[in-house]
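Here are my notes on this one, jotted down as I went through it. Have it open alongside as you read.

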Amino acid sequence: IQDVDSVKEWMVSYYALVEEVDHHVGQLLDKLDEAGQTKNTLVIFTSDHGESLGSHGRRGKGTFYEESIRIPLMIRLPDKIPQGKAIDTPTASIDVFSTILDYTGNKINDRSDGMSLRRFIDDNNSNNAYDNEFVVSEMDNRNPTGDGRLTDKLGSKPNFMVVKNNWKLMIPKSASSNKRDQMYNIAIDPFEMNNLLGHNGASASKENVGKAEHLKVLLHEWLERMNGNKGLYSNPVFNAGEGHGDIAEVESRRTWRRLPIWVSDMILPMGKPAHVGSLYVRNEYLYIGRTTHGNLSVNSIVLEGTDSHLIKLSGFLAGSIKTETHKRVIVTFQGSHDDFATLDARIRVSHSEGKDIIIELHTCHNSRSCHDEDDPVGVSL
């Protein structure tokens with residue numbers, strides 16, 4: 001869409017509708033006050049998708065760009081949810097149902113695929129067991145024609161989106177798709193104009209390739225957790241028989257350049273710790289992998305810095321990494337709140353492919369030091 005006047009006309013109508021919604025929501029809230037039910041009512045204001053309004057030459061939804069997938073998410077429950085509290089960790093609408101069950105005393109009945117957002121509101125998420133602070137969104141671009149066929153082929157546009165902190169990866173479901181993979185750093189490129197994977201990843205930096213591998217690993221882990229007994233992401237029947245199943249297709253897809261060693265983070269953000277007993281606790285996950293032929297030998301992964309005694313490393317600490325595989329290092333902080341705020345620690349990786357890699361630990365005692373978002377928002381699914 002290149003017609004500026006048309007975009008302006010859409011904006012007038014869209015913002016008028018937003019104002020109308022705001023008016024009616026206000027009336028509903030007033031009625032709760034009049035009925036004396038405000039403190040007894042969980043109120044959630046959200047949406048199913050955003051609106052492009054001309055960005056990237058588009059209108060409507062149907063993309064993974066910010067204007068389409070960013071949605072409001074405001075929750076009110078007096079005396080249980082602090083007024084004015086903002087959460088800048090990426091969240092998704094798949095978690096809203098679990099959150100409702102949690103706050104209404106029905107958490108035991110939750111059989112959904114989401115996770116309650118109460119862990120963020122109550123500041124008790126230690127990121128235990130696996131990384132649970134990223135978002136996956138999925139979209140199938142095909143539509144039924146009515147005669148048993150579909151309008152398009154799987155992978156004709158991006159089908160998966162992964163968001164972790166300020167990083168976003170968008171890839172198709174087909175390993176052989178010729179569509180360009182896209183990765184953006186929303187903090188420095190909020191309008192998503194600079195694809196950090198460049199021309200199909202051939203010119204991407206080592207750091208950006210490492211981040212793309214990281215986000216792909218998070219997607220793969222999520223697919224494995226969601227797969228279930230039916231094989232929702234491993235059985236091709238759930239893609240109308242196309243491909244070899246999402247898990248296999250995602251695992252095989254790699255349009256960016258291959259590296260003898262990649263790491264997920266050169267600066268590892270340590271998210272906000274949870275208060276557990278007398279200590280503050282936080283887990284983060286560092287990934288190391290290889291995509292070229294041959295084996296990578298990791299001689300040692302050790303801690304350095306004056307506060308290294310506050311950090312524990314577990315998981316993969318030395319050994320061999322085969323081609324197109326990766327290993328996970330668990331990085332655990334245990335200490336006081338003041339310890340976390342002034343943490344001086346780094347990780348040294350000694351390996352067979354050259355100089356040691358130094359990874360700085362960056363503490364997010366102030367959440368905005370890790371997330372440069374202006375508003376509490378969610379991501380639509």
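1. Is serine 13 buried, partly exposed or exposed, and why? This is a predicted model, in which local features need pLDDT of at least 70 and side-chain atom pairs count only at pLDDT 80 or more, while totals for chains, interfaces and linings use all residues. Residues are numbered from 1 along each chain as its sequence is written, and side-chain values use heavy atoms, with hydrogens and water left out. Serine 13 counts as partly exposed because its relative accessibility is 42% (buried is under 20% relative accessible area, exposed over 50%, partly exposed in between, with a 1.4 Å probe and protein chains only).

2. Serine 13 sits in helix α1 (helices are DSSP runs of H or I, at least four residues, numbered from the N terminus). Between serine 13 and aspartate 181 there are 34 Å in space, C-alpha to C-alpha, and 168 residues in sequence.

3. Methionine 11 also belongs to α1, which covers residues 4-35. With 30% relative accessibility, methionine 11 is partly exposed too.

4. Now for α5, residues 206-226: its 21 residues reach 30 Å from first C-alpha to last, close to the 30 Å expected at 1.5 Å a residue (the expected span is 1.5 Å times one less than the number of residues). Most of α5 is covered, with 17 of 21 residues buried. After α5 comes glycine 228, with a positive phi near 70°.

5. On confidence: pLDDT (the predictor's confidence in each residue, from 0 to 100) averages 92 for the protein, and 94% of the residues score at least 70. Residues 365-377 have pLDDT below 50. Where pLDDT is low, the predicted coordinates should not be read in detail.

Notes. Helices (H or I, at least four residues) and strands (E, at least two) are DSSP runs, numbered from the N terminus. Contact means heavy atoms within 4.5 Å.
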